[in-house]
Amino acid sequence: KDAGALTVIGLGPMGRAMAAAYLHKGYQVTVWNRTPEKAAQLIEKGVVLAPDITAAVKANELLIISLTEYATMYSVLEPAKAELKGKTIVNMSSDSPGTVAAAADWAANLGAYFLSGGIMVPPPYIGQEGPEIYTFYSGKKTIFDRYQAVLSVMTATDFRGEDPRLAMLYYQGLLDYMYASVAGLLHAIALMQSAGITAAAFEPYLHNFMQFMPVLLAESATSRETDERTYSGAENNMVMLRAGTEHVLKASREAGINTTLPEMIFNLSDAAVAQGFGKSGINSLIEVLRKPVM
Ligand code: NDP
């Protein structure tokens with residue numbers, strides 16, 4: 001075991017996958033978790049369970065953190081604060097970019113180095129390779145460079161910049177899209193199932209329809225139009241789309257399923273028309289989304 005040594009703090013599904021990946025590559029892995037029982041299988045394979053958080057921090061220079069959110073890091077590390085000087089904390093947990101910036105300051109005040117990571121795959125993909133398997137990082141470039149090879153054991157790395165918020169911004173940007181898409185997808189399935197049509201029967205149509213998503217992004221110029229703030233409505237204007245979203249809402253009401261999501265989409269379209277984008281295309285919705293709700 002001479003690949004290197006590190007500490008993993010937090011043994012949810014993600015932390016366990018990380019510890020296992022490092023172990024597999026020959027690293028000496030020390031772990032700590034609030035519920036120590038979760039380390040049982042890892043211990044069998046050779047991971048060392050630290051008796052307390054201070055021992056976990058003292059054990060290695062590199063501390064990889066995988067907790068539910070950033071607030072948890074403060075409470076977990078509190079007893080070991082004095083030991084953090086000179087350590088590198090790589091926090092792979094989810095939170096808001098502002099929260100990450102505050103954590104970077106907190107670490108700097110303790111004399112610790114700090115990187116934030118936003119992992120774009122679920123636990124089974126940790127330690128695997130593929131174009132969609134990567135993690136966003138941000139923080140001091142010199143620190144990232146020092147540990148890049150070690151971090152690459154988990155997934156490929158994509159360094160976004162020195163502003164500590166960047167990794168989390170890209171991460172939440174993609175998750176923002178994912179949560180809304182998954183909710184939309186499941187709502188559509190609920191609508192079909194309410195009429196006795198199974199998801200399996202609907203799936204080929206969904207799959208086919210999804211081929212339009214990259215087309216939407218590329219050919220109807222979502223990127224260009226939203227950057228330039230000019231929205232062509234030649235082929236589909238917001239007045240038509242407002243009616244269209246109302247029809248999905250009506251279909252959902254008729255089906256007796258939850259209408260929160262279609263109501264939201266209809267309200268957004270309604271606001272776009274009210275704000276003067278009736279003749280603009282679907283991308284003009286972003287003008288409504290850019291502002292807080294009045
Ligand atoms: P879990 O929420 O299952 O794991 C949470 C970890 O945080 C556990 O170690 C848990 O300890 C610990 N924890 C939670 N609250 C406290 C507390 N108050 N005090 C001490 N420890 C606490 O998350 P995952 O392992 O799934 O994910 C970890 C992070 O990675 C999250 O931020 C998640 O958003 C992110 N992520 C997860 C992905 C996934 O698919 N799972 C994908 C990409 C990112 P205990 O075991 O004692 O409960």
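## Ground rules

Two residues are in contact if their C-beta atoms, placed from the backbone, lie within 7 Å. This is a predicted model, where local features need pLDDT of at least 70 and side-chain atom pairs count only at pLDDT 80 or more, while totals for chains, interfaces and linings use all residues. Numbering starts from 1 along each chain, following the sequence as written.

## The fold at a glance

The protein chain carries 13 helices and eight strands; these are DSSP runs numbered from the N terminus, with helices being H or I of at least four residues and strands E of at least two. Its C-alpha atoms fill a box of roughly 65 × 45 × 30 Å along the principal axes.

Of its 294 residues, 34% count as buried. Buried here is 20 or more other C-beta atoms within 10 Å of a residue's own, exposed is 12 or fewer, and partly exposed is in between, with C-beta atoms placed from the backbone. Among contacts with a separation of 6 or more, 60% come from residues 24 or more positions apart.

## Helix α11

Helix α11 covers residues 238-255, 18 residues in total, and spans 25 Å from first C-alpha to last, close to the 26 Å expected (1.5 Å times one less than the number of residues). Which of its residues are buried? They are Met238, Leu241, Arg242, Thr245 and Ser252. These sit on the same side of α11 because they cover an arc of only 110° around the axis, the arc being that of the directions from the helix axis to the C-beta atoms. An α-helix has 3.6 residues a turn, so residues three or four places apart point the same way.

The buried residues of α11 pack against α7 (166-194) and α12 (260-277). Over on the other side of α11, Ala243, His247 and Glu254 are exposed.

β4 (residues 62-65) pairs with β5 in the parallel sense over four bridges; pairing takes at least two DSSP bridges between the strands. Ile65 stands opposite Asn91 in β5.

## Around the ligand

The ligand has 23 residues around it, with Gly12, Met14, Arg34, Thr35 and Ser94 coming nearest (near is a C-beta atom, placed from the backbone, within 6 Å). Helices α1 (13-24) and α4 (70-77) each supply at least two residues of that shell.
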